[in-house]
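Me: I want to go through some labels in this model and see what backs each one. Please set each value against its cut-off.

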Amino acid sequence: MQKLKVGIIGATGMVGQRFIMLLSEHPYFEITALVAGPRSAGQKYSDAVSGRWKMTSACPEKISDMTVISSEDIDTVKSLVDFVFCAVSLNKEETKALEERYAKAEIPVVSNNSANRWTPDVPMVIPEINDSHLEVIEAQRKRLGTKRGFIAVKPNCSIQSYVPMLSALRQFGIKEVIATTYQAISGAGKTFNEWPEMIDNLIPYIGGEEEKSEKEPLRVWGKVENGEIVPATSPVITTQCLRVPVSDGHTAAVFVKFENKPTKEEILEAWKNYKGKPQILGLPSAPEQFITYFEEDNRPQAKLDRDLYGGMGVSAGRLREDAVYDYKFVGLSHNTLRGAAGGAVLIAELLYREGYLTKAD
């Protein structure tokens, strides 16, 4: 299998660093371009991230010696890559414009950013749940006037701590959902060394998170109609999002009401058997078991369970009947792996196997 050449836009940030660690020995992809803003452009990568390397393992030597390219130098990037991952730290308008410039230059973009999540013809994908949304790429290419170029995005990191479990239960008719997420500091691109105020603390507000958490699941569960993704209209979802003193791993406390209330055994069976295209295709980043249920009362725990299947598995626990809603449970996902860089890599693997990502001419 001939590897595709890939660039990472935003390579110096936390998510960019995570992309590097995931892709350095990837069976499908080879890093050939590290891309960042003007401040880092022209520097050796090791110099650009000096004092800012946030991964627990050292940067691979072959990556350290690469020269960082400016994100504005699209022609140079195009000459080096077949597609790019995007994890920039720009405002939404700038990010959207940047991603479109790359796509129109015939460079496919797999984005970790939120800027294009609501662009009607851009698929926002959790590969096990809505891989069928990739078909909208054909309509997007027509709008952009491209043959190869397009944008695909991953959803918000926090919804992946509960949407997989809910997706497995949609057959029972979900009516209402309450979800409170307890989100790790790495979701803000921080470590405890950089954010000592978070030690022994909880902040009951994360800008924009509650709207994303309530609306994005409906887009994931939507349908492709006339070249656009039309979000689902139900269930009703209400959320609260809290920042907690955890390094990695977003936890969700979920309450759910059904039209046709299942038994606990039916829910556990649905979770156990739920799988998607990544498992069927045996994609490199796909967890063998998408949803893992823990019987212990004190699981899942971020510290113990976030790295399940290399951080790509999601886990659930404490499923029980509720006095107000039908059931309640706890979910957990690794926010910078399944929820960010790892989720984007899994999307790229699926795009590759489905023929959307190819060698450039």
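Me: What makes Lys 261 a charge over the ring of Tyr 327?

Reply: The charged end of Lys 261 is 5.4 Å from the ring centre of Tyr 327. The rule asks for NZ of Lys or CZ of Arg within 6 Å of the ring centre and within 35 degrees of the ring normal. Arg 219 also lies over a face, that of Trp 118, at 5.8 Å from the ring centre.

Me: What are the ground rules?

Reply: This is a predicted model; local features need pLDDT of at least 70, side-chain atom pairs count only at pLDDT 80 or more, and totals for chains, interfaces and linings use all residues. Residues are numbered from 1 along each chain as its sequence is written, and side-chain values use heavy atoms, with hydrogens and water left out.

Me: Why is the pair of Phe 83 and Phe 85 called edge-to-face?

Reply: Rings of Phe, Tyr and Trp (its six-membered ring) pair if their centres lie within 6.5 Å; planes under 30 degrees apart are stacked, over 60 edge-to-face, the rest tilted. Here the centres are 5.2 Å apart and the planes at 70 degrees, so the pair is edge-to-face.

Me: Why does Tyr 28 count as buried?

Reply: Buried means under 20% relative accessible area, exposed over 50%, partly exposed in between (1.4 Å probe, protein chains only). Tyr 28 has 6% relative accessibility, so Tyr 28 is buried. Phe 29, at 1%, is buried as well.
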